[in-house]
Protein chains: 2
Amino acid sequence: MSEDLLREDDLAFQLHDVLKVTDMLAYPRFADHDREVFDQVLASARSIAEEKFRPHNRAADLAEPYLENGKVVLLPEVKEALDAFFSAGFAAGHHDAEIGGLQLPWTIQQAAFSYFKAANISSIAYAFLTIAAANLLLAHGTASQKRRFLEPMMSGRFFGTMMLSEPHAGSSLSDVRTKAVPTAEEGVYRISGSKMWISGGQQEMSENIVHMVLARIEGAPAGVKGLSLFAIPRYRVAEDGSIGADNDVRVAGLNHKMGYRGTVNTVMALGENGDCLGEIVGEPGRGLAGMFHMMNEARIGVSLGAVMLAYTGYRHSLMYARERPQGRHPGEKDPASPQVPLIEHADIRRLLLTQKTAAEGGLSLALFTASLIDRQHNHPDEAVREDSRRLLDVLTPVLKSWFSDRALEANTAAIQIMGGYGYTRDYPVEQFWRDNRLNPIHEGTNGIQAIDLLGRKAVIEGGRGLDLLHTEIVETIAATRAQTEDGDGRLAAEALMLEAMTSRHRQVTEKLTSARADMGDRAVLANATAYMEFTGRVVESWVWLRQAVIALRLLTEEEAGDERRHFLEGKIHACRWYFAHELPRAGPVADLLDRMDGTSLAMQDVWF
Amino acid sequence: MSEDLLREDDLAFQLHDVLKVTDMLAYPRFADHDREVFDQVLASARSIAEEKFRPHNRAADLAEPYLENGKVVLLPEVKEALDAFFSAGFAAGHHDAEIGGLQLPWTIQQAAFSYFKAANISSIAYAFLTIAAANLLLAHGTASQKRRFLEPMMSGRFFGTMMLSEPHAGSSLSDVRTKAVPTAEEGVYRISGSKMWISGGQQEMSENIVHMVLARIEGAPAGVKGLSLFAIPRYRVAEDGSIGADNDVRVAGLNHKMGYRGTVNTVMALGENGDCLGEIVGEPGRGLAGMFHMMNEARIGVSLGAVMLAYTGYRHSLMYARERPQGRHPGEKDPASPQVPLIEHADIRRLLLTQKTAAEGGLSLALFTASLIDRQHNHPDEAVREDSRRLLDVLTPVLKSWFSDRALEANTAAIQIMGGYGYTRDYPVEQFWRDNRLNPIHEGTNGIQAIDLLGRKAVIEGGRGLDLLHTEIVETIAATRAQTEDGDGRLAAEALMLEAMTSRHRQVTEKLTSARADMGDRAVLANATAYMEFTGRVVESWVWLRQAVIALRLLTEEEAGDERRHFLEGKIHACRWYFAHELPRAGPVADLLDRMDGTSLAMQDVWF
């Protein structure tokens with residue numbers, strides 16, 4: 001069994017031992033399913049990922065999309081892979097049965113996606129964007145829009161995109177200028193403007209492309225409150241679903257990226273000939289709010305991509321480290337003795353542990369956040385639903401920002417292990433880094449995520465979201481304590497460390513959030529990235545302690561075979577390694593926050 | 001004046017205010033020079049770098065070398081740039097006048113190289129390798145070898161390479177297998193074997209290529225003691241210097257790297273037809289020792305490349321941050337207010353300071369190590385010469401390893417500042433990262449540098465090298481103290497911090513090195529990389545405090561204009577920022593070392 005994408009037993013551990021995902025079968029929405037269905041879905045994802053997505057991952061990197069007579073040329077394998085994906089129903093997996101979905105938990109959907117993202121991040125992106133656009137239509141579209149656009153998107157006949165950025169406004173959506181002028185027809189607007197960084201903005205794989213576009217209705221106020229959301233198809237779609245005239249949506253150029261190359265990225269011109277029509281989706285002036293409705297899902301999707309690139313890089317470098325003989329142990333003086341495999345060297349193990357903790361820890365958190373989405377939408381108790389949303393709101397920027405940084409660190413460690421070979425394009429790890437480098441930038445840069453965490457998520461609703469996070473951590477610490485009292489104290493020191501650091505996190509948060517009134521937002525938020533690092537290290541420690549405490553229990557309870565025991569021991573040891581090497585690094589960061597450091601902000605432009 | 005490669009005033013500050021390089025004019029070797037000569041050399045380097053090297057940096061990345069009828073095809077601009085470099089005498093700048101050199105200090109030579117490396121790391125590499133090979137011939141070659149090989153290398157008629165690695169032995173030179181069989185002619189051997197990762201291994205720019213090759217004479221012992229050094233020309237060279245027959249050195253293939261693409265990298269087959277002759281250079285069995293003689297210079301050269309890629313990335317992202325309007329300050333509620341430039345955002349300043357400290361700090365240390373080479377070779381007092389070598393031996397792995405990691409961190413920060421644009425190939429910063437990613441791998445991986453530091457440099461000669469480093473640091477602290485006593489205490493807190501951390505470094509070093517007898521090399525050296533990080537942070541702090549204390553004095557003494565004052569204030573503030581954000585991160589690493597952490601080594605293969 002090839003394990004270069006993802007360890008199947010790790011995925012099962014996350015879903016069943018950590019998340020107990022089958023408990024969700026108690027929700028009416030999932031009542032018709034059972035574990036066997038979930039297993040079949042994952043097996044199908046794995047086989048399509050391995051057979052259709054993975055084989056052309058490097059080819060798509062080398063054969064970058066180009067324009068020929070105004071059309072985007074892609075490798076044919078991209079379409080073949082996506083056909084297999086849509087045919088197997090993955091785009092509709094989470095939707096209601098009544099609109100053709102399978103009513104799968106979002107957690108299972110994400111677990112399935114983990115294979116595709118590890119296998120080929122740039123080909124699966126077309127599906128990911130289509131699903132995101134479809135989700136917007138499902139939430140805010142009219143019956144006609146759903147019939148004409150959403151249904152063909154679920155089956156893969158139409159693809160979708162998200163059009164937010166403009167050449168002068170990447171992060172600052174407040175400054176979007178694309179204009180919408182009402183026409184005689186209700187809800188239909190004439191659109192003009194240009195859009196930047198549009199992934200999948202143009203291609204010939206799907207019969208049509210439905211762009212979800214942020215634009216400003218003529219006369220609307222400046223800022224985000226003036227933004228509305230529009231569905232703008234490449235070709236117009238009549239009421240009966242038939243495809244009609246060209247809608248004046250042009251590709252003005254392609255962006256040439258350092259990675260993620262298989263996903264064509266375009267500059268788009270809307271309404272150059274004055275003939276681009278858009279249909280408003282939702283209320284005028286509620287465009288960004290509508291988009292943010294789907295933002296957690298989108299950010300978790302991006303994070304899962306980052307984490308899975310770390311995961312596959314980890315597996316590739318692990319296999320290399322096991323096979324490649326190089327050097328001898330320190331102190332071995334006999335040059336005639338055989339060389340030992342790389343994995344025998346302590347520093348290689350350190351680089352592998354850096355990757356293992358980032359990849360498996362990241363996957364664990366990504367699936368936990370997905371389970372919060374399921375709970376938010378399906379739990380019978382409204383208070384639990386609300387709290388799930390609050391916890392999700394806090395964890396999403398941490399997952400997006402902290403783990404996309406950690407994932408890059410993991411990918412560069414994979415290159416380092418493989419040395420000169422890792423630096424060449426004959427091996428995949430250099431591409432993983434290049435592909436992954438986008439993740440801290442798109443879907444809200446990591447700096448913006450940090451401001452979102454400290455400036456907004458830590459304070460809204462009285463800081464309830466963070467309280468919920470702290471409660472989760474305390475529960476894991478309590479579980480570890482109980483184990484210690486039962487006679488196995490292998491994780492006792494880690495529980496103490498996390499308890500102290502969590503208490504410090506609470507204090508620092510309180511200090512920072514209450515300082516805003518006196519010091520002003522600018523001074524306090526100047527250290528938002530440090531606060532993100534502190535929070536990230538605490539959350540990652542918790543994710544690892546939680547895995548370890550479960551692994552330790554299973555080791556005692558199960559009559560497990562060698563492979564399972566080794567796997568569980570690996571979880572425990574990786575936890576101990578993280579607490580020894582990584583968690584303590586939160587200390588100086590907490591100190592910096594505690595003293596409200598002002599040195600970044602105080603640096604003057606003319607001093608650089 | 002374009003400052004996207006290097007701030008000229010920073011280079012002058014490093015050379016004259018920090019290093020007082022003109023003090024070297026007192027050495028007889030440099031007695032004929034003066035500051036004007038040094039300035040002319042640097043001005044010439046700058047103009048050749050800007051006019052000949054920088055313009056084709058991206059073109060060489062895109063037009064990767066390829067083989068056509070067995071010949072390597074490169075952009076013609078590469079040769080044009082190198083012609084300008086050799087014509088200006090840069091390859092011979094540091095050599096004795098009697099063999100055609102300028103007798104320039106190595107420090108000035110490196111300062112000149114800083115421009116070339118910032119402008120085009122892959123084109124200058126051909127010259128860098130030629131100089132390194134020439135230095136080996138100068139140190140160990142016979143009179144005939146010097147006449148036939150060295151002289152044409154100094155003028156750029158011949159280029160040189162270093163051939164160490166083989167496909168099965170990258171880091172482990174002990175396992176080199178290339179074979180040398182004596183011929184009837186004294187000192188001439190018949191060579192056979194294959195070599196890997198040979199930069200510049202084949203090209204048509206120079207009339208000939210002189211490969212400096214590690215090989216094992218038939219019957220020589222296993223391990224590094226069986227290795228000898230050979231000069232193997234592509235075409236044989238007769239006693240009268242005329243170029244003769246092909247020497248059976250073939251290119252077996254090219255390696256396709258993620259960066260550094262302009263430097264062709266080859267797999268080489270030596271003696272496939274049994275007709276490859278090599279001339280021994282130095283004593284049989286002393287090949288590696290001979291190479292190590294030049295290792296400090298080579299590693300400093302690699303480090304300077306890493307640092308200069310960080311430097312130019314910093315300058316590019318700084319210019320972008322000053323020009324690109326994006327977003328508003330936190331708390332600014334009016335969306336109709338104009339956007340502010342990126343540099344107004346605290347997190348962008350943090351990313352710029354990350355780069356400034358890595359780039360300017362790295363350059364400062366690289367030039368200091370170059371000045372140690374000058375002192376080692378030219379100081380009248382033998383004790384000073386010896387101590388210069390010892391301090392250099394300790395600082396070289398720190399510069400190579402810590403600063404190549406910091407430089408990569410800087411390059412990824414440049415991408416982050418520039419967002420989507422930074423991720424595209426329309427801007428140079430993504431290439432800087434890719435080019436730079438090689439530096440932690442080649443010329444001894446960073447993991448190996450760390451073992452060299454803790455396992456060898458920290459202990460040889462009774463740890464005298466580290467004592468000298470600690471003494472340098474103590475002197476800088478004393479200078480800061482004196483300033484505080486004179487009434488300006490702006491750096492007093494930093495001096496205290498560094499004093500405490502240096503004292504801790506001394507204790508931890510003592511503990512680790514004395515533990516080897518009991519715990520064994522494997523257990524102690526398992527944390528070599530942590531020891532490197534600890535040492536790196538202490539050294540980088542010292543480099544910054546030294547710059548700051550000088551800047552503070554100059555601010556008081558000079559009647560400086562605004563630009564100079566801003567520059568000096570920037571040095572002081574960057575120091576304060578480093579001490580606030582980066583030095584404290586050494587604390588948990590010191591703790592880890594103090595408790596002799598064993599978690600990396602204890603991780604078992606089967607647990608991954």
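**Reading the labels on a predicted model**

User: What makes B:C575 count as buried?

Analyst: This is a predicted model, and B:C575 has a relative accessibility of 0%. Buried means under 20%. So B:C575 counts as buried. B:C276 is buried too, with a relative accessible area of 0%.

User: Why is α15(A) called roughly antiparallel to α17(A)?

Analyst: Helix α15 (residues 492–519) and helix α17 (residues 528–557) of chain A pack at about 150°. Angles over 145 degrees count as roughly antiparallel. Therefore α15(A) is roughly antiparallel to α17(A). The axes are 10 Å apart, and the crossing is left-handed.

User: Which residues meet there?

Analyst: From α15(A), they include A:L498, A:M501 and A:V508. From α17(A), they include A:F534, A:V538 and A:W542. The contact residues divide into ten nonpolar, five polar and two charged.

User: What is noted about the phi of A:K20?

Analyst: A:K20 is not a glycine, yet has a positive phi of about 50°. Most residues other than glycine have a negative phi. A:K20 sits in the loop between α1 and α2 of chain A.

User: Is A:K20 buried, partly exposed or exposed?

Analyst: Its relative accessibility is 39%. Buried needs under 20%, exposed over 50%. So A:K20 counts as partly exposed.

User: How do you know whether B:D248 is buried or exposed?

Analyst: B:D248 has 2% relative accessibility. The cut-off for buried is under 20%, so B:D248 counts as buried. B:D248 also has a positive phi, about 60°, and lies in the loop between β9 and β10 of chain B.

Methods. Residues numbered from 1 in each chain as written. Chains lettered and ligands numbered in written order. Predicted model: local features only at pLDDT ≥ 70, side-chain atom pairs only at ≥ 80, totals over all residues. Heavy atoms only, no water. Axes fitted to C-alpha atoms, helices over the stretch in contact; angles between N-to-C directions. Helix = DSSP H or I, 4+ residues; strand = E, 2+ residues; numbered from the N terminus. Parallel < 35°, antiparallel > 145°, perpendicular 65-115°, else oblique. Left-handed = near helix turned anticlockwise from the far one by under 90°. Contact = heavy atoms within 4.5 Å. Nonpolar A, V, L, I, M, F, W, Y, C, P; charged D, E, K, R; others polar. Buried < 20%, exposed > 50% of the residue type's maximum accessible area, 1.4 Å probe, protein only.
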